[in-house]
Amino acid sequence: MTTQAVRLFRKMNGLFAVYKPQGVHWKHVRDSTESNLLKALNSCPPPAPQLALQFQLLSGGENCSSKDVVLSPSMVPTLADHPLVTGPQFHKVHVGVGHRLDAFSSGVLVLGVGKGNGVLEHLCKSHVTRDYTLEGEFGKATDNFTHTGRVIEKTTYDHVTLDKLERVLAMIQGANQKALITYSQVDLHTQEAYELAVRGLLYPHGKSPPILTGLRCIHFNPPNFTLEVQCVNETQKYLRKLIHEVGLELRTSAVCSGVRRTRDGPFKVENALTRQHWTADSIMQAIAHFSKTTRKIRKSGMYRQTAGPLNSSTQVQEQTRSQTEQINLEHVELSSSTSDTVVDRETPVTLSEGRTKQ
Amino acid sequence: MQLFIHALGGAETVHSASPTKKTGNSTRTTGSRVYEEVYMLLPKTVVMHVCQRCVSLLLSRPLSAALQQSTLALHQRAHLTLLQHSTRHTHSRQTWRHFTDHQAASPDVYNKIDLAQKEVVPFNSDVHRIDLDAAVHPSPLQEISEEEAVQIHVPSALPPESSTLRPYVDESETLSKLVQLGVNLWKLEQRPNVGSMLVRLDFHADVAPKLLLLKDLGVEETKLGQLLTKNPFILTESLDNLEARVSYLKSKKFSKQSVAAMVSKAPYLLNFSVERLDNRLGFFQKQLGLSAEKTRDVVTRLPKLLCGSLEPIKENLKVCELEFGFRGNEIQHIVTTVPKVLIANKRKLTQIFDFIHNTMDVPHSLIAKFPQVLNAKFLRIRERHLFLEYLGRAQYQPSQPNYISLDRLVFLPDEVFCSEVALATLEDFERFQKTL
C-alpha cells in the first residue's frame with residue numbers, strides 16, 4: 001500500500017532547467033530545489049500508525065463485585081509511530097546538476113531528479129553545444145577578467161570600430177574551425193566530411209580544448225559590446241578570457257561584465273524556471289514538459305553506449321551523428337520562431353543555431 | 001552515528017534491591033512510585049481499586065515489565081521463557097542476578113554434563129548419573145507458591161542500547177508526555193547525548209516543576225513543545241537558578257509578558273547566568289546610548305542579543321560607523337527599528353549597503369529612514385531595481401515626482417510590486433529576470 005508521499009516521490013524523475021541568478025553558487029540552487037522537493041514530500045499525510053495491544057484496568061461488569069477489576073485488551077496507536085518520534089518520511093531526494101555555472105555567470109542550469117540523473121550523464125557525454133551571451137567593456141584589464149576584479153591596466157579604445165571587431169572575431173572563428181576539424185578526426189578531403197560540415201554535425205571526439213562553433217557580435221556601443229557564442233567543452237573562465245583576448249587583438253583591453261547561458265543543448269531560456277518557481281509543483285510541470293527531450297537523450301546515450309567498442313567504424317559515427325542531429329533539430333523545433341540558419345559571410349562552414357537574446 | 005541510550009538503568013537498580021513480596025519501607029515507597037507511574041499511564045476513567053495480587057506483581061517487576069500487563073498466562077510463560085532469555089540477555093546485570101537466585105538448577109546441569117563428558121570411566125556413582133531426557137525446567141502446569149510467582153522476573157523486551165528513542169517512547173512516561181506536548185524527539189535524538197539524558201529524566205521530579213514554572217511565567221502551552229525542542233537543557237537546569245534569573249529580569253523592569261515572549265523567542269535565555277545577562281544588558285545600554293526603556297524594547301524584540309557573543313555585535317557597530325558612515329543618532333534609529341542589523345552577516349550587510357548607496361544612489365539619510373532594506377535579500381533588491389531602471393521608473397528621491405520609497409520597493413509581494421510600482425505585468429518581470 002503506497003502512501004501519497006511515495007506516489008509523489010515516484011513521479012519525481014526527469015530533467016528540468018532552472019535560471020541561475022548571478023552571484024549565486026550552483027550548489028545553493030541544487031540545495032534549494034532539493035529542500036523544496038523534500039518539503040512537498042514531507043507535507044503529505046504520514047501513514048497510519050501501527051496499533052498495539054494494550055491491557056487496561058477497567059471496572060468489571062455487573063456480575064463482578066465492585067472491588068474487582070478486569071484487564072481488558074484494546075488496540076491503541078503506538079507513540080513510536082508518531083511523526084515527532086519517527087521524523088520526516090523523506091530525508092533525501094537525488095538532485096544532480098548538468099553542466100555547471102560558476103558564481104559570476106547566470107543562465108540556464110540543467111538539473112536532474114531521481115532517474116533523470118542517469119540521463120544527465122548521457123547529456124554531458126553527448127555533443128550538444130551551449131549558447132552564451134557575453135557582455136564586454138573596453139578600456140581596462142583586470143586580474144580575473146571581470147569588471148569587479150583588481151584593475152591592472154587602462155587603455156583608450158577610440159580607435160575600435162565595428163569593422164575591426166568583426167575582423168578579429170572572424171580570425172578567432174577561423175582558428176576554432178580548424179581546431180574543430182582536427183579534433184573531429186575526419187579527413188577533410190572526403191565528400192562525407194564536407195556534407196557533415198555543411199550540416200553542422202562536426203564535433204570533437206574525446207578530450208578537446210574549448211571550441212567555439214559560432215561567434216558573432218550582436219551589439220556594439222563603445223565601450224560596451226555583446227558577443228554571442230556557441231561552444232563545446234568550455235568553462236566560463238575561458239569565455240571571460242576570450243573577451244580579454246578580443247581586446248588584446250584590437251590593441252586595447254577589455255573586461256567581461258556578464259556571462260549568460262541562454263541554451264544548454266535542447267534546454268532553452270524560455271522554459272527555465274526563475275527563482276519564484278523553484279517549488280515542487282512548478283518543477284513537476286517542467287519535468288513533464290521536458291519528458292520527450294529526456295527520452296531522446298536517454299535513447300541516444302544508450303545507443304552510444306552499446307556502440308562503444310565499435311567506435312572506429314564510420315557507420316556508427318554516422319548514426320550517432322544522426323542522433324545528435326535529432327537532438328539539435330529538437331531544440332530548433334522547440335523555439336517558437338523560425339530557426340536561424342544564418343551563414344556567416346566569412347566562412348561557409350559556420351552555422352549559428354538557436355535564437356539570439358538581445 | 002551510534003547513540004547508546006542506556007535504558008532505564010536508574011529505575012531497574014531500585015527494584016533489584018528488594019525482589020521479595022515482604023516489603024520494607026524502601027520498597028513501599030518505590031512500589032508506590034511504580035504504582036503511581038502505572039496509574040498515570042492508565043486512562044483517567046479507570047476505577048481506582050486494584051487487587052492486592054496485581055499490586056504485588058507490579059511491585060516486584062521493573063517499570064518496563066510492569067507495563068506489560070499482568071495476567072496469569074504471563075506468569076507461566078515467563079517461567080518457560082526464562083531459560084531462553086538467559087542465553088540472550090547475558091550482558092544484562094539484572095537477568096543474571098535473578099537467574100542465580102531462581103534457576104539454581106541450570107548451572108549444576110551444565111557442570112554435570114561437563115563432568116560426565118570428561119570422566120567416562122567411573123560411571124557407577126548415582127551422583128553423576130544424568131538423565132538428559134528429564135525436564136530441566138518444571139512443567140508449565142505445575143502449581144507454584146505465591147512467593148515464587150511474585151519473584152518471577154520477566155526480562156524487559158527493551159533493547160539496552162538504541163540509536164533512536166522509538167523503542168522507549170511507549171514505555172517511558174517522560175518521553176510520551178514530551179511527545180504529547182509537541183517536542184520533536186527525532187530532532188533531539190540527532191544531538192549527541194540528548195537522547196540518553198531525556199530517557200533518564202523523571203517526569204515528576206525533573207520535568208513537571210520546570211514546565212509549571214514556564215507556564216506560570218506565561219509561556220503558551222503550544223509554544224512549550226518548540227521551546228523544549230530548541231533547548232532540552234532547560235530541564236536539567238536547577239529550579240533555583242531558573243527562578244533567580246526570572247526574578248532578575250523582572251527586577252530590571254521587564255514586564256511579565258515580555259519575559260514570557262523573550263523566553264519563547266530565545267529558548268536558551270534562562271540557561272545563562274545572572275552575571276552574563278547583566279553584562280549584556282549593560283553593554284547594550286552603554287554602547288548604543290539608548291534609554292533604559294528603549295533597551296528593554298530592543299531586547300524584548302530580539303532576545304537572541306542576550307544569548308550570543310558580543311564580538312560580532314561590536315564589529316557590526318564598527319562597520320556601520322566607519323565603513324558605512326552613519327552618524328550616532330542614525331545608528332540608534334536603525335537599531336531601534338531593526339535590531340537584526342546587530343547580528344546580521346557583515347559581508348551580506350556590506351553588499352546590500354554598497355548596492356543601495358553606490359548603485360541606486362540613495363543617500364544615508366534616506367537609508368536611515370527605511371532601515372528595513374538592510375534586512376532584505378540582496379537578489380530581490382537588485383532584480384527589482386534593475387527592472388525599474390530598465391523601465392525608467394527608478395526614482396528614489398522624495399522631492400522628485402514618481403517617488404518610490406525603499407520599503408515599498410522591497411517588501412511588497414511580486415504581483416503587487418509589478419502592478420502598482422513598476423506598472424508592468426508579472427510575465428514581463430520574469431522575462432526581464434531571465435536577461436540579467
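1. Helix H21 of chain B has its buried residues covered by elements that include helix H17 (274-288), H18, helix H20 (311-324) and helix H23 (364-369) of chain B. The residues of H21(B) that count as buried are B:Glu330, B:Ile331, B:Ile334, B:Val335 and B:Thr336. The coordinates discussed here are those of a predicted model.

2. H18(B) packs against H21(B), which spans residues 328-337, at an angle of about 45 degrees, and the two axes are 9 Å apart. The arrangement is therefore oblique. On the H18(B) side the contact is made by B:Lys294, B:Val298 and B:Arg301, and on the H21(B) side by B:Val335, B:Thr336 and B:Thr337. Sorted by class, this contact has 2 nonpolar, 2 polar and 2 charged residues. B:Val335 and B:Thr336 belong to the contact and are also listed among the buried residues of H21(B).

3. Chain B as a whole has 27 helices and 0 strands. Of its 436 residues, 42% count as buried. Among contacts in chain B with a separation of 6 or more, 71% are between residues 24 or more positions apart.

4. Which residues does B:Leu239 contact, leaving aside its neighbours within four places in sequence? They are B:Pro209 and B:Lys210. B:Leu239 lies in helix H15 (residues 239-251) of chain B. The C-alpha atoms of B:Leu239 and B:Lys210 are separated by 6.8 Å, although the two residues are 29 residues apart along the chain. B:Leu239 has a relative accessible area of 29%, so this residue is partly exposed.

5. In chain A, helix H7 covers residues 236-249, which makes 14 residues. From first C-alpha to last, H7(A) reaches 20 Å, close to the 20 Å expected at 1.5 Å a residue. Its buried residues are A:Gln236, A:Leu239, A:Arg240, A:Leu242, A:Ile243, A:His244, A:Val246 and A:Gly247. The elements covering them include helix H5 (162-183) and the strands S6 (130-138), S7 (140-142), S9 (211-221), S10 (224-232) and S11 (254-264), in chain A. After H7(A) comes A:Arg251, with a positive phi near 60 degrees.

6. An unreviewed UniProt entry lists residues 92-236 of chain A as "domain: Pseudouridine synthase II N-terminal". Over residues 92-236 the chain is 29% helix and 32% strand. The end C-alpha atoms of that stretch are 30 Å apart.

7. Is A:Leu111 buried or exposed? A:Leu111 is buried, because its relative accessible area is 0%. This residue lies in strand S5 (residues 106-113) of chain A. Not counting residues up to four places away in sequence, A:Leu111 touches A:Gly14, A:Leu15, A:Phe16, A:Val18, A:Val29, A:Thr33, A:Val95, A:Gly96, A:Val97 and A:Leu120. A:Gly14 is 97 residues away from A:Leu111 along the chain, and their C-alpha atoms are separated by 8.6 Å.

8. A:Thr294 is found in helix H9 (residues 291-306) of chain A. A:Thr294 counts as buried because its relative accessibility is 5%. Apart from neighbours within four places in sequence, A:Thr294 is in contact with A:Leu15 and A:Val119. A:Leu15 is also among the residues that A:Leu111 touches.

Definitions and conventions: Residues numbered from 1 in each chain as written. Chains lettered and ligands numbered in written order. Predicted model: local features only at pLDDT ≥ 70, side-chain atom pairs only at ≥ 80, totals over all residues. Heavy atoms only, no water. Helix = DSSP H or I, 4+ residues; strand = E, 2+ residues; numbered from the N terminus. Expected span 1.5 Å × (residues − 1). Buried < 20%, exposed > 50% of the residue type's maximum accessible area, 1.4 Å probe, protein only. Contact = heavy atoms within 4.5 Å. UniProt positions renumbered as here; feature names shortened; annotations may be inferred. Axes fitted to C-alpha atoms, helices over the stretch in contact; angles between N-to-C directions. Parallel < 35°, antiparallel > 145°, perpendicular 65-115°, else oblique. Nonpolar A, V, L, I, M, F, W, Y, C, P; charged D, E, K, R; others polar.
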